[in-house]
Amino acid sequence: QYPDTLPEQHWEILRRRHPGGDEQIKAILASTKSFATSYDDLNLTPPLLSTVQARTFIIQGDRDPLYPVELSVEMAKSIPNCRLWIISNAGHGPVLGARWSEFLQTASAFLQE
């Protein structure tokens, strides 16, 4: 469904970057979308995530078309010493553009804790 809702301007950007055309773009989007329902890609299971020892900061837009918010919530619950920031009205790559300065402040505060 995601390729069907991608704005035409985004399609044009992707077409310039991917010489394989629309079929290649659809395959990339399908592959990326499948990460949300499969742990086989990176084995990011809750038991494995619970072994992470580094402080972790997960950031996600609440309107991400590729990954459901629940995936980040599950990851954050599984990783000890993890902070989760869900950005309202934001999609994939929620800190880019207008939210960049907010991200810099928030990430800086996290790193200084």
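Modeller: The questions and answers below concern this predicted model.

Biologist: In what pattern do the helices and strands follow one another along the sequence?

Modeller: The protein contains six helices and two strands. Its C-alpha trace spans about 45 × 35 × 20 Å along the principal axes. Read along the sequence, the elements follow the pattern α-α-α-α-β-α-β-α.

Biologist: What share of the contacts with a separation of 6 or more comes from residues 24 or more positions apart?

Modeller: The protein has 113 residues, of which 29% are buried. Among the contacts with a separation of 6 or more, the share from residues 24 or more positions apart is 63%.

Biologist: How far apart are the centres of domain 1 and domain 2?

Modeller: The protein is divided into domain 1, residues 8-37, and domain 2, residues 46-112. Their contact takes four residues from domain 1 and four residues from domain 2. Taken over C-alpha atoms, the separation of the two centres is 24 Å.

Biologist: How much of the area buried between domain 1 and domain 2 is on carbon and sulfur atoms?

Modeller: Between domain 1 and domain 2 the count of salt bridges is zero. Across this interface there are also zero residue pairs in polar contact, with both residues at pLDDT 80 or more. The side of domain 1 that touches domain 2 has two nonpolar, one polar and one charged residues. The two domains bury about 400 Å² between them, and the part on carbon and sulfur atoms is 72%.

Biologist: Which elements are included in what covers the buried residues of α5?

Modeller: Helix α5 comprises residues 69-78. Its buried residues are Val69, Leu71, Ser72, Met75, Ala76 and Ser78. What covers them includes α4 (46-49), β1 and β2 (82-87).

Biologist: Is threonine 56 buried or exposed?

Modeller: Threonine 56 is found in strand β1, residues 56-61. Its side chain reaches the backbone oxygen of alanine 54 at 2.9 Å. Beyond four places in sequence, threonine 56 touches Ile79, Asn81, Cys82, Arg83 and Phe110. Because its relative accessibility is 16%, threonine 56 counts as buried.

Biologist: Which backbone oxygen does the side chain of glutamine 60 reach?

Modeller: Glutamine 60 is placed in strand β1, and with 5% relative accessibility this residue counts as buried. Leaving aside neighbours within four places in sequence, its contacts include Tyr67, Pro68, Val69 and Trp85. At 3.5 Å, the side chain of glutamine 60 reaches the backbone oxygen of proline 68.

Biologist: How far is proline 47 from arginine 63 in space?

Modeller: Proline 47 is found in helix α4 and is exposed, with a relative accessible area of 57%. In sequence, proline 47 and arginine 63 are 16 residues apart. In space, C-alpha to C-alpha, their distance is 27 Å.

Biologist: What is the phi of asparagine 81?

Modeller: Asparagine 81 lies in the loop between α5 and β2. With a relative accessible area of 53%, asparagine 81 is exposed. Although this residue is not a glycine, its phi is positive, at about 60 degrees.

Biologist: Where is asparagine 89 found?

Modeller: Asparagine 89 has a positive phi of about 55 degrees although it is not a glycine. Its relative accessible area is 57%, so asparagine 89 is exposed. Its place is the loop between β2 and α6 (100-112).

Biologist: How many residues apart in sequence are the parts that glutamate 113 and arginine 55 tie together?

Modeller: Glutamate 113 forms a salt bridge with arginine 55, with the closest N and O atoms 3.9 Å apart. Glutamate 113 lies in the segment after α6 and arginine 55 in the loop between α4 and β1, so the parts tied together are separated in sequence by 58 residues.

Biologist: Which residues do salt bridges that share partners join into one network?

Modeller: The structure holds seven salt bridges. One of them pairs glutamate 8 with arginine 15, at 2.8 Å between the closest N and O atoms. Another salt bridge joins the side chains of arginine 99 and glutamate 102 at 2.7 Å, N to O. Through shared partners, salt bridges form one network of Glu8, Glu12, Arg15 and Asp22.

Notes:
Residues are numbered from 1 along each chain as its sequence is written. This is a predicted model: local features need pLDDT of at least 70, side-chain atom pairs count only at pLDDT 80 or more; totals for chains, interfaces and linings use all residues. Side-chain values use heavy atoms; hydrogens and water are left out. Helices (H or I, at least four residues) and strands (E, at least two) are DSSP runs, numbered from the N terminus. Buried means under 20% relative accessible area, exposed over 50%, partly exposed in between (1.4 Å probe, protein chains only). A polar contact is a pair of N or O atoms within 3.5 Å; within protein, one must be able to donate a hydrogen and the other to accept it, and residues adjacent in sequence count only if both atoms are side-chain atoms. Contact means heavy atoms within 4.5 Å. Domain bounds come from an automatic or database domain assignment. Buried area is the accessible area (1.4 Å probe) that two parts lose on being put together, summed over both. A salt bridge is a side-chain nitrogen of Lys or Arg within 4 Å of a carboxyl oxygen of Asp or Glu. Ala, Val, Leu, Ile, Met, Phe, Trp, Tyr, Cys and Pro count as nonpolar, Asp, Glu, Lys and Arg as charged, and the others, Gly among them, as polar.
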